[in-house]
Amino acid sequence: MANGFSVNAHRYDPYKNFKFRILWDNKPVLGVSKISSLKRTTEVVKFRSGGENAIDHKSPGRTSYEAITVERGLTHDPEFEAWASKVHTYEGDSVMDLANYKKELSVEFMNEKGQVAYRYYLHNCWVSEYTALPDLDANANAVSIESMKIELEGWERDPDTQEPNEGA
């Protein structure tokens, strides 16, 4: 919204959730079909006053950011496995890449026209789970999915990403 007014006053429908992309190393990751939600939780600290023991007062405590899961169809693109291997490889701890295992990621959420409507920056991300092959079933009729669980230390919405002008 520019100056508190909607750029797209004609838009009555909410955005659909099927146009998005995730970027790392400033490049879109190809083939991503699903990203779990961005969620943070702040613990509640309860306390009581000496003369008011009948009710609890509440204040915010520590905030934690839930990991996200990213899924994509299995291809020959080695990016998922290469990043997951920076945390742990078969060779063990001595080959862990301590300097480069964390990344800054971006999630871009787009309107039906493919214009970026929201952008979030995800900070200090690293892979805690990696699924190289899904369950294999000769009777199934499905795409093979590889996935990773990405831990993060925080996220923030990009304030410079403005509502796209859908009339243009």
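A residue is called buried when its relative accessible area is under 20%, exposed when that area is over 50%, and partly exposed in between, with a 1.4 Å probe and only protein chains counted. By this rule F80 is buried, because its relative accessible area is 0%. F80 is found in helix α1. Its C-alpha lies 8.0 Å from that of S147, although 67 residues separate F80 and S147 in sequence.

The structure is a predicted model: local features need pLDDT of at least 70, side-chain atom pairs count only at pLDDT 80 or more, and totals for chains, interfaces and linings use all residues. Residues are numbered from 1 along each chain as its sequence is written, and side-chain values use heavy atoms, with hydrogens and water left out.

Helices (H or I, at least four residues) and strands (E, at least two) are DSSP runs, numbered from the N terminus. Along the sequence, the pattern reads β-β-β-β-β-β-α-β-β-β-β. The chain has 168 residues, and 26% of them count as buried.

Two residues stand out by their backbone angles. Most residues other than glycine have a negative phi. D25 is not a glycine, yet its phi is positive, at about 55°. N26 is also a residue other than glycine, and its phi is near 60°, again a positive value. D25 is placed in the loop between β1 (20–24) and β2 (27–28). N26 lies in the loop between β1 and β2. D25 counts as partly exposed, because its relative accessibility is 44%. N26 counts as exposed, because its relative accessibility is 76%.

Charged pairs were examined next. Side chains of opposite charge can pair when their charged atoms come close. A salt bridge is a side-chain nitrogen of Lys or Arg within 4 Å of a carboxyl oxygen of Asp or Glu. The count by this rule is twelve salt bridges. One of them joins K16 and E112, with the closest N and O atoms 3.1 Å apart. K16 lies in the segment before β1 and E112 in the loop between β7 and β8, so this pair ties together parts that are 96 residues apart in sequence. K16 is partly exposed, at 34% relative accessible area. E112 is partly exposed too, at 35%.

R21 and E108 form another salt bridge, and their closest N and O atoms are 2.5 Å apart. The pair ties together parts that are 87 residues apart in sequence, because R21 lies in strand β1 and E108 in strand β7. R21 is partly exposed, with a relative accessible area of 33%. E108 counts as buried, at 6% relative accessibility.

K149 and E129 also meet through their side chains in a salt bridge (3.8 Å, N to O). K149 is partly exposed, at 29% relative accessible area. E129 counts as partly exposed, at 46% relative accessibility. Salt bridges with shared partners join R21, E108, R119 and D158 into one network.

Empty space was then considered. Rolling a probe the size of a water molecule over the atoms shows where such space is left. On a 1 Å grid over the protein atoms alone, a pocket is an open set of points where a 1.4 Å probe fits, with protein on both sides within 12 Å along at least five of seven lines; lining residues have an atom within 4 Å of a point. Grid points are joined across faces, edges and corners, and a volume is the space filled by probe spheres set on the points. The largest pocket holds about 390 Å³ of space. It is lined by 14 residues, and the closest to its centre are I35, S36, S37, V107 and F109. The elements that give two or more residues to this lining are β3 (32–35), β7 (103–110) and β8 (116–131). By class, the lining of the largest pocket has eight nonpolar, four polar and two charged residues. Here Ala, Val, Leu, Ile, Met, Phe, Trp, Tyr, Cys and Pro count as nonpolar, Asp, Glu, Lys and Arg as charged, and the others, Gly among them, as polar.
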